[in-house]
Amino acid sequence: AAAAAHAASRYKFDEIAWGNDTTHHIAEGYDAQVLLRWGDPITADAPEFDVMNQTAEAQLKQFGYNNDYVGFTALNDDGTRGLLCVNHEYTNEEVMFPGLGRQDRAAFEGMTRDLVDIEMAAHGGTVVEIARGDDGTWAVVRDSTYNRRITPLATEMTIDGPAAGHPRMQTNADPEGMTVIGTVNNCAGGMTPWGTYLMAEENFHGYFWTDKVDAEGKPDVTGMEEAEARRNRRYGVPGMWYAWGKYHDRWNIDREPNEPNRWGWIVEVDPRDPSAKPVKHTALGRFRHEGAETTISTDGKLVIYSGDDNRFDYQYKYVSGGTVTDDRAANSRLLSDGTLYVARFDEDGTVEWMPLVHGQGPLTTDNGFNDQADVMIDTRLAADLLGATPMDRPEDAQPGPGGTAYIMLTNNTKRQPDQVNAANPRPESAFGHIIEIREDNGDHAAIRGAWSILVKCGDPSVEDVGAQWNPETSEHGWFSSPDNAAVDAEGRLWISTDQGSGWSKTGKSDGLYALETEGDLRGASKLFFRCPVGGELCGPYFTDDGETLFLAVQHPGTDGTKALTGFERDSTFEDPATRWPDFDPAMPPRPSVLVVTKTGGGKIAV
Ligand code: FEO
Ligand code: CA
Ligand code: CA
Ligand code: CA
């Protein structure tokens, strides 16, 4: 039966064994080459990386930290030249700066202005030209004029859409409410059909600071207007994860109370025009956007799926007013004029997409929404009123063929037994699940669809876990905590995982899995790639010809407590759990993007 099932698998590769060690592993017959590491020079005038003497000035010309989303847009017809677009979600100061160690979050005593500025320069994104040589390997085109960094230290952005210029978007530094310096916590993202790069701003709340703290070091909002305090609470502002607010007024809400309203959006970058300012599109709502994967509806509209990655938060979808054409400038206006919907997953297997439009239903002045700008700035509060379904942390939402979408629900250990619903059926869910949506009439713009659970993650051999897999899934193939997803040129689904410190519950490193969605093998999973210890897997991104796969290994050497393999948590520079990918005693572990090809060429897993 196993041999027959293997023959029927839509993914032609032999899965690797699960495990966890200091390096990465990939299926036999494939090459995984390190393409870009934190600190690699990406412009012609960039200095070589000197980890002991890093500066913000150097970092602004070098590959950033904690690569997450990876996208690609080809520059020629055969796809051998193109622009790689990479998000740099966050920084781990304890692994970046020698001798610093982990910071006391309340004090950040070791975080000087210089180190903060390096962190800011290591956030954001990278656009870099890459080319495939005659031997099939990819390399960075170092002197390409397309190459650039996008950072919260130095990149000016324009605000557009319903909240542009609104009084709640105005600050002392930007009295017009039209211009923001940079973007942060860009987790997943998307490429539009016309080749622009979407960066999702996720945990922006963590960057905001207040000097007003109580005896426990928690923000003290005494004196703040009640409505404002309530809105900040709903978004977790100020999170005080970083020391930036000690040195930059805009991250300090005591000085700039409106600044948090300018973050939590989807940013569009035109990688083909290095002089073009990125745009924050407020029509797509403000929340902890995990990603922004795009597709086109039956009648040609742009559709973007985006989850709000927070326990008990919601799944969203945006549908443009106009249609996608060959006019690139006109296409970008599709992100300014459209409708944002939030999902209600009903017990009968129906998903209802409810519009977030000022004046409709409860979204009125009486309820605190004076205009569409308020609805977009306070998207979470508007969705609360509409009765959206609280989910188990919606991560990537990946549209697939035929009006399908796959929703990664990574985990939610806080869900109590009286809080379960059909779409989030497990209390204290440690391992997560994946929902498949089939939109009505196969149309991604539909306001209704059918949903079902594709898999419930975790170890199927442990009854208490309550996992649900196709029985053809081996001990190597099941996974936990789905985070990112991709659909390849053959229309097949791939899942990458982020267990965080939860990897100690499985003993497995994070990895890339091929997950069947059709036929008798629906719900069967196979392991293709796994990470070095303490790293999570981001990307993944397949080129249109199916021959190249980009993978991003984030924060190698850092995540997790003592696990089955015996690694201790120790993320200091001096004694990391791994020094992947350099294995140089003078170099800490470095987040890196890998490029995967089939040995000798050809389509992956075909
Ligand atoms: Fe940045 Fe939702 O993971
Ligand atoms: Ca993610
Ligand atoms: Ca994706
Ligand atoms: Ca993640």
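This is a predicted model: local features need pLDDT of at least 70, side-chain atom pairs count only at pLDDT 80 or more; totals for chains, interfaces and linings use all residues.
**View 1. Helix H5 and its two sides.** Helix H5 spans residues 226-235. Arg-231, Asn-232 and Tyr-235 are buried in this helix. Seen down the axis of H5, the buried residues fall within an arc of 100 degrees, so they line one face of the helix. Glu-226 and Arg-233, on the other side of H5, are exposed. The packing partner of the buried residues of H5 is helix H9 (379-386). Just after H5 comes Gly-236, with a positive phi of about 75 degrees.

**View 2. The largest nonpolar core.** This core holds 147 residues. Ile-407, Tyr-513 and Leu-551 touch the most other members. Helix H4 (residues 113-122) gives the most to the core: 6 residues. Tyr-513 also has contacts beyond its neighbours within four places in sequence. Among them are Gly-477, Phe-479, Trp-494, Ile-495 and Phe-528.

**View 3. An open sheet of 9 strands.** The strand order is E14-E15-E16-E17-E18-E22-E21-E20-E19. Pairing is antiparallel. Strand E14 (293-296) and strand E19 (394-399) stand at the edges. Each has a single partner strand, so one side of each is left without a neighbour in the sheet. From one strand to the next, the twist averages 30 degrees.

**View 4. Strands E16 and E17 within the sheet.** Strand E16 covers residues 315-323, and strand E17 covers residues 338-345. The two run antiparallel and are joined by 5 bridges. Opposite Ser-320 stands Gly-338 in E17.

Definitions and conventions: Residues are numbered from 1 along each chain as its sequence is written. Chains are lettered from A and ligands numbered from 1 in the order in which they are written. A residue is buried if 20 or more other C-beta atoms lie within 10 Å of its own, exposed if 12 or fewer, and partly exposed in between; C-beta atoms are placed from the backbone. Helices (H or I, at least four residues) and strands (E, at least two) are DSSP runs, numbered from the N terminus. The arc is that of the directions from the helix axis to the C-beta atoms. Two residues are in contact if their C-beta atoms, placed from the backbone, lie within 7 Å. A nonpolar core is a set of buried Ala, Val, Leu, Ile, Met, Phe, Trp, Tyr and Cys residues joined through C-beta atoms within 7 Å. Two strands pair if DSSP finds at least two bridges between them. Axes are lines fitted to C-alpha atoms, for helices over the stretch in contact, and angles run from 0 to 180 degrees between N-to-C directions.
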